[in-house]
Amino acid sequence: MTRFLAVTTTIVLAVLTGTAFGEETRGVTSNEIVLGMHTDLSGPAATYGVSSSNAVKMRFDEANANGGIHGRKIKLIVEDTQYQVPRAVQAGTKLINRDRIFAMIAALGTPMNNALFKDQFEAGVPNLFPLSAARSMYLPFHRLKFVGAATYVDQVRAGINYFVAQKGKKAICAMYQDTDFGKEVLDGAQMQVDALKLKLVETTTHKPTDQDFTAQITKLKGAGCDLVVLGTIVRDSIVPYAAARKIGWTDVDFLGSAAAYDLFVAAAQGGVTEGLYAMGLTDMPYRDTLGPAAQSWFDRYKERFKAEPNIGAVYGYVAADVAALGLDRAGPNLTLDSFINGLESIRSYHDIFNGPEVNYGSDKHQGANSSFLAVVKGGRWTRLTEPLSF
Amino acid sequence: MRFIFKTSYHQDLGLFQDRQERNWYLALALGLLLTPFVLPAYLGDLSLMLIFGLCGVSLMVLVGYTGLVSLGHAAFLGIGAYTHVYFSQDLALPWVASVMLAAAVTAIAGALVGLPVLRLSGLYLAIATLAFALIIQEIFSRWDSVTGGIKGKAVERAVIFGYAIHEVTFYFLCLGFLLAVLWFTRNLLRAPAGRALIAIRDSELAAQSMGVNLTFYKTFAFAYSAAIMGFAGALFAHEVGFLAPDIFTALLSIQFLLMVVVGGLGSLHGAVFGAMFTALLPVVISSVRDSLPDWLGWAFGFFGTDASSAISAAVDRIVKQPGLEPGILGLMLVLFILFEPRGIYGRWLKIRLYFSQFPLYQRPTFTQKKSYMKSERFR
């Protein structure tokens, strides 16, 4: 009887613990890697969410068509958050708990990412290259947080540095939207003027939904600004810039972050954004100005999704490309540790869109912090400089 | 058909009609107690459902029982969430005290809103509460020292009497709160206060002539509703784990309102059904979306592997179309409002009656017979 009990207990224990020991790494089997992405497919940021998720999907499908990574196919599960935090939490817990994903990739939105970090990191799911350029995406340092490119703060600091050093700007002002994003841009501007021993002459705020910016422009003009840093996105970049030029305020430059570096801003009707500056992270996907590899990517994207890729698609592609590289470097024995080591071993990576050189390290989880200056010329973004630092 | 034979007045006082009903609820309670062990992967969604249930009860008291509409309940949820996090994290108060204080603060906010809006009703009330919600949202994003401003604030896990709450315990915590609030509200609604609220809903004039103090009871309804929202907010803060002003938007308020309408106005069951609908439908849609292509591929495997994989790929493309999910959700809402204005609970009552009266069921049993007093017709 005792022996029977002992045997049974051993079997039961073996079965119970087997689930813990037998399964090596969450989301990884001998022939599959499950990755998750929560993004906005039907809310206000859907233009970026749809295109970036398409691009991620396409990059992984192409990897799969070539036999996968070390024989494993990548399965990507995309969940819609509608740019709402509660939905993001629901979507994220589904990916983490039910789909048991190996890693989260290119998740969109600062508050959505922040809301999921705790559960995600407790479950040991790394957060790869979110579509958010807030500092909280890689600071404070966490072993599972990886970002690809310069944050808004980095971009704005590099831009101001350039304008002050190269163009002799002195009266720096900021016009930013009253959101977490706008605040990041303001913080960046403040940090850089402090570093340059200057002062922010004037700041104005607005709501993302505002239509009229006359008051802000009048205030900035009255303060005698010669460089206005814009914490704005699409419409709130176009309208105030056009308003300033219309009232004949020409001895001033406007500098946006990468959020303003968008196809629509350059293509604004009537060419009202001619001469607007913004910091860019990669080339804008205009087919004729891209390199051959990017051109071929452009065609494949258009063929598959029946639409031209936008800058969101570029970010999605780069995110998936670096993730694939990390998976490759992790070697055939893919675990969380080997993957983190794989990502941290990436040096001098160059994407196909002329982005800055990307380097990771065991204490460096931000791939690059430089961005280049671009200007609207003839309805298109034209790159002016090499990647700038500060 | 079943007749309840009443033999004592105590039967009228009981929470349940008869033993059978009580047993059904006991079975339900048992099911809810076992759920976390049966469906561990769905715990997060179930907790959210229970929290939405609290929001539903809160709004049901106001909309379904008092007849006052509110498009500002997301703001009360926010006040509850922020005050709880402020008290428990910044001031390091014990969890229970912090939740109680959060509910109290929210109730005061509710009473304050209740006062000026007493003169308003219908559309004007909706606009006033919407404006209130926008103001509160603005305060959330400006009052940096308390709310963390637009950058938001991370919420730590709850620790109650030194016991750290994790997923399973959090589910039971939410369940406990919902059951307590349901029990209390159910009792309240059959007490004089609840009867007064229902009287106000049916006819303010008649209620007033019967001696119901409109000012007091309308304010009370707002405060009570807000207090429940305060509890919900405190739990919601832990569920979401991160508070930012753009969580508590007008969209969320509208979602709450739709929730009680879909569930069925004028019943506590409706509040819970509505919460199940709102919190679980996305879960159902996303799991069907993930597995439908494989199922169909398997079903069509009969026609050969090529046909099977072609069908699976085609279906995959359709169901992964962006925006499909809100589309389905919206469609279901429209269908509900068109074909079942009494909501899920109304439909359930009809189905139940249909079977219990089987060949004798008559449709007109449920036709609405509300007659207006002349003075209230255009309100």
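Visitor: Which residue stands opposite Leu200(A) in S7(A)?

Guide: That's Ile172(A). By the way, this is a predicted model, where local features need pLDDT of at least 70 and side-chain atom pairs count only at pLDDT 80 or more, while totals for chains, interfaces and linings use all residues. Residues are numbered from 1 along each chain as its sequence is written, while chains are lettered from A and ligands numbered from 1 in the order in which they are written.

Visitor: What makes S6(A) and S7(A) partners?

Guide: Strands pair if DSSP finds at least two bridges between them. Strand S6 (residues 172-177) of chain A is joined to S7(A) by six bridges, so the two pass as a pair. They run parallel. As for the labels, strands are DSSP runs of E with at least two residues, helices are runs of H or I with at least four, and numbering starts from the N terminus.

Visitor: Why are S7 and S12 of chain A said to stand at the edges?

Guide: Picture the open sheet of chain A, with seven strands in the order S7-S6-S8-S9-S10-S11-S12 and mixed pairing. S7 (200-206) and S12 (380-383) each have a single partner strand, so one side of each has no neighbour in the sheet. Neighbouring strands are turned by 30 degrees against each other on average, direction ignored.

Visitor: Is Lys197(A) buried or exposed, and what makes it that?

Guide: Lys197(A) has 6 other C-beta atoms within 10 Å, so it is exposed. Its place is the loop between helix H6 (180-195) and S7 of chain A. Lys197(A) also has a positive phi of about 55 degrees, although it is not a glycine.

Visitor: And what about Ala92(B), buried or exposed?

Guide: Ala92(B) is exposed, with 8 other C-beta atoms within 10 Å. Ala92(B) sits in the loop between H4 and H5 of chain B, and it too has a positive phi of about 55 degrees without being a glycine.

Visitor: How do you know at what angle H4 and H5 of chain B pack?

Guide: Axes are lines fitted to C-alpha atoms, for helices over the stretch in contact, and angles run from 0 to 180 degrees between N-to-C directions. For H4 (residues 73-90) and H5 (residues 95-114) of chain B, that gives about 145 degrees, with the axes 8 Å apart. Residues are in contact if their C-beta atoms, placed from the backbone, lie within 7 Å. Among those making this contact are Phe76(B) and Phe87(B) of H4(B) and Trp95(B) of H5(B). The contact residues divide into 10 nonpolar, seven polar and no charged.

Visitor: What makes a residue count as nonpolar, polar or charged?

Guide: Ala, Val, Leu, Ile, Met, Phe, Trp, Tyr, Cys and Pro are nonpolar, Asp, Glu, Lys and Arg are charged, and the others, Gly among them, are polar.

Conventions
Contact = placed C-beta atoms within 7 Å. Buried ≥ 20, exposed ≤ 12 C-beta atoms within 10 Å, placed from the backbone.
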